[in-house]
Protein chains: 2
Amino acid sequence: MEGVNHQIILAARPAGMPKESDFELIESPMPRLRPGEVLVRTLYLSVDPYMRGRMRQNGSYARAVELGEVMVGGIVGQVVESNDPRLECSDVVEGMLGWQEYAAAPTKTLRRINASTAPISTSLYVLGMPGLTAYFGLLDICRPQPGETVVVSGAAGAVGSIVGQIAKIKRCRAIGIAGTDEKIQFITEELGFDSGFNYKSVQDYHAKLKELCPTGIDVYFDNVGGQVTDAVMAQINTRARIAVCGQISHYNSDSIDSGPRCFSQLLTKQAKAEGFLVFQYADRYEEGLRQLSTWLREGRLKYREDIMEGLENAPKAFIRMLQGKNIGKQLVKVG
Amino acid sequence: MEGVNHQIILAARPAGMPKESDFELIESPMPRLRPGEVLVRTLYLSVDPYMRGRMRQNGSYARAVELGEVMVGGIVGQVVESNDPRLECSDVVEGMLGWQEYAAAPTKTLRRINASTAPISTSLYVLGMPGLTAYFGLLDICRPQPGETVVVSGAAGAVGSIVGQIAKIKRCRAIGIAGTDEKIQFITEELGFDSGFNYKSVQDYHAKLKELCPTGIDVYFDNVGGQVTDAVMAQINTRARIAVCGQISHYNSDSIDSGPRCFSQLLTKQAKAEGFLVFQYADRYEEGLRQLSTWLREGRLKYREDIMEGLENAPKAFIRMLQGKNIGKQLVKVG
């Protein structure tokens with residue numbers, strides 16, 4: 001295809017909270033297709049907490065984005081040119097194609113989306129990585145049982161909002177922790193969490209958790225870390241399970257993250273804390289997506305998207321998400 | 001039976017490291033047997049780190065020993081009077097009968113020991129709780145694979161000394177951390193650990209671990225906690241498994257145990273840390289003891305006992321163990 005492409009590259013490694021100047025919007029030639037590849041035009045791109053780790057010199061669990069390289073990330077888009085019989089023009093696909101208008105990619109790295117089941121943007125949320133992360137982290141690592149108390153931090157975010165709803169489906173009590181009163185209202189009134197609190201206005205996390213979790217905490221799904229997590233850990237029950245999914249409170253810091261060591265508590269409670277990445281479950285994505293689709297169709301999973309328009313605003317949307325200003329999934333509409 | 005009994009009771013709740021004056025040796029009437037009970041004369045009693053937790057007002061994972069109550073603990077002894085057809089006089093049994101010369105106990109709370117297989121004191125060590133703790137903690141929680149690097153803290157103690165040897169049986173590299181050069185010599189020269197270091201003389205734990213574990217740490221069996229554990233955690237590999245068995249570095253402290261929070265590391269490495277108690281595996285003790293006996297008979301498990309004589313010296317032996325002065329299993333010979 002002729003024409004120019006637009007891309008957002010990493011221009012500088014941020015110190016602390018990223019700034020818009022850490023990114024740069026550039027023009028580049030339209031990618032050329034090799035055999036087996038398709039050209040995808042981005043419709044929505046996803047901004048997620050993990051991207052902050054990829055901006056570091058040494059990356060985190062995956063390799064770093066290099067300076068000058070297109071920012072990493074998942075997108076959903078439309079095939080506009082195909083060199084592979086398995087995909088046709090106008091097919092909708094999801095893949096890790098980065099912050100750009102157009103990308104060439106081998107078919108095998110893409111997931112074809114059935115645009116008739118649900119809005120295609122959900123393939124970056126409930127029916128995509130965040131949904132799968134919630135599904136496997138909660139069900140596989142934490143194995144919640146009916147009647148148990150499940151606490152979720154980052155509860156109004158992409159992953160947390162699904163975790164609490166799955167906990168409810170599994171007949172648990174779901175308690176969410178988030179950073180504004182509006183988010184708490186959202187998770188309790190719209191999503192059906194039993195309760196929650198705003199960690200920015202509540203002074204005494206311990207007292208609040210005692211009030212909201214009178215029988216203690218059986219499962220903790222942690223997106224946040226820091227003092228919120230310290231307080232939760234102090235109130236876990238015997239044989240509690242903790243899924244460590246994110247530690248966003250520390251992503252913008254270069255200092256050592258110090259606080260109470262948790263091993264004594266793990267020992268006293270014979271509890272388990274496990275870090276995970278959704279990619280560990282790649283061979284079970286189909287199972288997860290099938291179940292999430294069913295719940296979505298049945299109206300048992302609700303969601304809210306927080307959409308910003310224009311590729312050029314991706315850095316702004318990303319920073320906004322890191323600052324906790326989004327409610328529900330932060331997306332950028334590019335198409 | 002006529003005569004008097006001798007018991008050691010908890011006289012005061014210790015602040016920090018226990019002192020001999022926190023205990024008191026008393027005379028008491030010989031226990032009277034009820035139906036189904038036997039009278040056991042203690043031959044050896046075990047002193048173990050977990051007892052420190054039981055001396056606290058609020059206990060730890062189990063209820064506290066009350067002031068004036070006999071100190072808790074495992075013993076091996078001989079039946080001297082029986083009100084139950086399942087046990088005869090001179091049978092050897094192991095049970096949680098506490099720091100005393102004689103105790104009455106229902107048969108079902110005792111484990112009969114075959115004195116012809118191994119010295120009876122091993123039922124408090126290799127063929128008892130410490131052995132089972134090592135066995136289930138390492139094999140069930142950590143699932144070590146051939147070629148992996150297993151690090152053990154408290155490596156010359158009752159549990160640690162077995163953990164490293166089972167790691168070797170499972171064809172892993174076993175690295176031990178202990179508090180004297182003599183202990184390191186013991187675990188490497190007598191027990192067959194690949195290597196180890198004295199955390200009291202080594203300055204830079206990180207550099208030392210890098211040197212001894214050039215391919216990183218796959219499994220960590222933690223008896224100690226604190227800065228040793230911080231250093232190990234900084235060098236775990238992806239999908240590392242950590243069994244939290246003890247945190248002896250903090251047992252004598254009432255302050256908050258602060259240090260680097262480990263959740264970021266668990267996340268980055270998709271690692272698991274799990275606290276456990278051997279009692280969780282009660283329904284598998286038979287399996288564990290059978291395997292440990294086989295290894296012992298085959299000469300694949302070696303052990304050393306550190307024996308102090310006389311019930312009156314139990315507090316001294318206990319304090320000695322908490323101070324890390326024992327090499328191998330600290331026992332008190334009472335009979």
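In strand β14(B), the residue B:Glu274 is the bridge partner of A:Lys272. This bridge belongs to the antiparallel pairing of β14 of chain A with β14 of chain B, each spanning residues 272-275, which extends over 3 bridges; strands are taken to pair if DSSP finds at least two bridges between them, and strands (E, at least two residues) and helices (H or I, at least four) are DSSP runs numbered from the N terminus. The model is a predicted one, in which local features need pLDDT of at least 70 and side-chain atom pairs count only at pLDDT 80 or more, whereas totals for chains, interfaces and linings use all residues. Residues are numbered from 1 along each chain as its sequence is written, while chains are lettered from A and ligands numbered from 1 in the order in which they are written.

The two β14 strands are part of an open sheet of 12 strands with mixed pairing, in the order β10(A)-β9(A)-β8(A)-β11(A)-β12(A)-β14(A)-β14(B)-β12(B)-β11(B)-β8(B)-β9(B)-β10(B). At its edges lie β10 (195-198) of chain A and β10 (195-198) of chain B, each of which pairs on one side only. On average, neighbouring strands of this sheet are turned by 15° against each other, direction ignored. In chain A, helix α2 (residues 129-142) lies across β11 (217-222), β12 (236-244) and β14, and runs at about 145° to β12(A); in chain B, helix α2 (residues 129-142) lies across β11, β12 and β14 of that chain, also at about 145° to β12(B). Axes are lines fitted to C-alpha atoms, for helices over the stretch in contact, with angles from 0 to 180 degrees between N-to-C directions.

The domain assignment of chain A, automatic or taken from a database, gives domain 1 (4-124 + 304-333) and domain 2 (129-279). Their C-alpha centres lie 28 Å apart, and the contact between them takes 14 residues from domain 1 and 15 residues from domain 2, where contact requires C-beta atoms, placed from the backbone, within 7 Å.

The secondary structure of chain A comes to 9 helices and 16 strands. Of the contacts in chain A with a separation of 6 or more, 65% are accounted for by residues 24 or more positions apart. Buried residues, defined by 20 or more other C-beta atoms within 10 Å of their own C-beta atom, placed from the backbone, make up 48% of the 335 residues in chain A. The C-alpha atoms of chain A fill a box of roughly 65 × 45 × 35 Å along the principal axes.

Terms used. Two residues are in contact if their C-beta atoms, placed from the backbone, lie within 7 Å. A residue is buried if 20 or more other C-beta atoms lie within 10 Å of its own, exposed if 12 or fewer, and partly exposed in between; C-beta atoms are placed from the backbone.
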